[in-house]
Amino acid sequence: MTTMTSRLLAGVLVAGLVGSLAACGGTTKDSAGANSGGTQSTAAADPNAAAKQGVKMAFLPKQLNNPYSDIEVSGGKTALEELKGEYKLVGPNDASASSQVSYINTLIQQQQDVIGIAANDSNAVCPSLNQARGAGVKVVAFDSDAARDCRDVFVNQASTQGIGDKLVELASKLAGGSGEVAILSATPNATNQNAWIEVVRADLAKPEHSGLKLVKIAYGNDDDQKSFQEAQGLLQSYPNLKVIISPTTVGIAAAARYLSSSSYKGKVALTGLGTPNQLREYVKNGTVTEFALWKPADVGYLAAYAGVALASGQITGAQGQKFKAGRLGDYTIGANGEIVLGPPTVFDSANIDNFTF
Amino acid sequence: MSEAALSEPALTRGRAPWVQRLASWDTAVIVLAVLALLIASGAVHNFGTSRNFTFLLLDLLPVALVALPMTFVIVTGEIDLSVASTLGLTSAVMGLLWDSGLSIETIMPLCVVLGAVLGALNGFFVTVLKLPSLAVTIGTMALYRGLALVVLGDQAVAGFPRSYTSWVTGTVGGGVVPNLLIPLVVLALAFGLVLHATPVGRKVYAVGSSEQAARFAGIRVRQLKFWLYVVSGAVAGLAGVLWTLRYSSARADNGFGIELAVVAAVLLGGVSIFGGKGTLPGVLAGAVLLATVQNALRLQDVSSEALNIVTGALLIISVLLPNIVNSARAALRRRRAVIQEGKG
């Protein structure tokens, strides 16, 4: 009987195997070819069409209850109030790839006009987003793009070039045009940071920045304590250091904490990407003069205006089309349906109290 | 294993009690599931459309699929909490193999075998080393998910062949029924037949009702349990393959946390957490009920936190309610006995 037990159970197992073997042949990565799905809209845009009122736009961030995305979508809410649209916020509790799909399906059922999504996985959401678009829903990706062929436009918080340029501009100003510069980054393989650092290197190689010398790139691994120690190490190893650039919110906060408690305070400048709330104290006590970041609320604001422009037929997502985005001004859609928010905002002692994020 | 299970062992009951059992909790859940569907269709805007039924079935499938072997495991009085992590690890390995240039037709059976191996490891710990399955599978839940992250990190592998991904997301003849329902129905029939109409199924109930009695009756309890874990792993592996194809994305975090929904569906379907009781139709109805409630609530803009609360509450109710009913019955019997003694 035990043999029968095993045989029957093995039978079930084999049935599963056979089931999954149903198709024969041999499709490999190379033979599968490009897996392109939906298409970009080809309908003509009417830039003079009136902005529709009552557009129903739902925001689907990567995850609910994340402080950063809360601020992003709050901008979307403001924009939809200005445009007399209907704002809605839905989303999963975990940032796993597939959890957004059920929400997209629900939004299709609820007949939303526009979905604004920060994709957890650019491919996993694709079939559902294309189903939504098939049902007439416009899709605006913001913050984190979905695959290009399953959204209408992508609102990018900042271009890589724009951030790199801004970092060098700030560093050059703080160093007075010449001196040693070091970078305190996140991890050695952080995609965003490395892309920005590449731009910084390229900018520093230009003749107008010949006085600036990049002496070291340190990695704080986006860990507060490690970043703190790395900042300390930089100042000990490079006594002539003039500026530390930290293109990560963890790194810049840790470096500011170290500087403000050291004898280098006010002598060695610190700049990079940080939030006003993190650095307010250090701007006020003179450790940090200027730093930059895009405004998260503007990302949602621009996404909402882009969504309503799509729903009103003012744009279809093709390169070169223009639309108005309220207080942010006019925008033009770039290559691949990308809309860049603009250069990052610079925060200093004069304006920092206007921002609470 | 529990007293309640011992007091009415499935093996000695014959046909009439089997019908009686079906007429209790399981039928109630089936009726509830149908009622939930009807009420939601009437009361929830946008619920009763054909497209929504397709969505509902698609969301239900991985849970229902994994719940099939889970029913066997729980009926024997054990549990397998590692299924979601097995799914994730299978998905991650599938991505890795696909990236290495292997054909999808080779990868898919390999992944099912991988799932079976992962299940066999659980089975080894539980039956050979005689460790409690709760502790073992909580351990492998963390272990397999960790391995998945080692295999693929936070990367995602995409670009699976369109013929497969579109079949998995598609419907039969472009209608309401997802293609994926076919493997589920086939497997559900197979598992249902084995559980309810073969000696193997009766052994599963016997082991769950009283492991000692089953052993004395000549059943190789440990061997049976070992193979149940292998099947549970294999089906989780198959679910990992289908999950990956459905979302056209192989990721280490795929299926994160679905063991909660699977166990909830099984218990809601009338399977006793102490083993020895429950039917497969009940479990499938439990899965449908859970999916319906979640789908309807989501359409009503109920937040995801609240959805988790609902799943958790249903799970607790489904464990609590049979216990309350049983103790109420027992109390009633005792009182009757006392009254009769008093009369006599």
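Q: Why are α12(B) and α13(B) called oblique to each other?
A: Helix α12 (residues 258-268) and helix α13 (residues 280-299) of chain B pack at an angle of about 125°. Angles under 35 degrees count as roughly parallel, over 145 as roughly antiparallel, 65 to 115 as roughly perpendicular and the rest as oblique. The pair α12(B) and α13(B) is therefore oblique. Angles run from 0 to 180 degrees between N-to-C directions, and axes are lines fitted to C-alpha atoms, for helices over the stretch in contact; here the axes are 7 Å apart. Helices themselves are DSSP runs (H or I, at least four residues), numbered from the N terminus.

Q: On what model and numbering do these values rest?
A: The model is predicted: local features need pLDDT of at least 70 and side-chain atom pairs count only at pLDDT 80 or more, while totals for chains, interfaces and linings use all residues. Residues are numbered from 1 along each chain as its sequence is written, and chains are lettered from A and ligands numbered from 1 in the order in which they are written.

Q: What makes the crossing of α12(B) and α13(B) left-handed or right-handed?
A: A crossing is left-handed if the near helix is turned anticlockwise from the far one by less than a right angle, and right-handed if clockwise. By this criterion α12(B) passes α13(B) in a right-handed crossing.

Q: Which residues of α12(B) meet α13(B)?
A: B:A261, B:A264, B:A265, B:V266 and B:L268 meet B:V283, B:G286, B:A287, B:L289 and B:L290, a contact meaning that C-beta atoms, placed from the backbone, lie within 7 Å.

Q: How do α3(B) and α8(B) run relative to each other, and why?
A: Helix α3 (residues 50-75) and helix α8 (residues 181-197) of chain B pack at about 20°, with axes 10 Å apart. That angle makes α3(B) roughly parallel to α8(B). The crossing is left-handed. Among the contacting residues are B:L61 and B:F72 of α3(B) and B:L184 and B:F191 of α8(B). By class, this contact has 12 nonpolar, no polar and no charged residues.

Q: What is the geometry of α3(B) and α13(B)?
A: Their axes come within 9 Å and cross at roughly 150°, and the crossing is right-handed. The contact includes B:D59 and B:T71 of α3(B) and B:T292 and B:N295 of α13(B). Its residues divide into 11 nonpolar, 3 polar and 1 charged.

Q: How is it known what residues 110-128 of chain B form?
A: The span is 100% helix and 0% strand, with end C-alpha atoms 25 Å apart. UniProt (unreviewed entry) places "transmembrane region" at several spans of chain B, including 110-128 and 306-325; such annotations may be inferred rather than shown by experiment. Residues 306-325 are likewise 100% helix and 0% strand, with end C-alpha atoms 28 Å apart.

Q: What makes up the contact of chain B with chain A?
A: The contact takes 57 residues from chain B and 45 from chain A. Helix α11 (residues 221-246) of chain B gives the most to the side of chain B, with 9 residues.

Notes. Two residues are in contact if their C-beta atoms, placed from the backbone, lie within 7 Å. Helices (H or I, at least four residues) and strands (E, at least two) are DSSP runs, numbered from the N terminus. Ala, Val, Leu, Ile, Met, Phe, Trp, Tyr, Cys and Pro count as nonpolar, Asp, Glu, Lys and Arg as charged, and the others, Gly among them, as polar.
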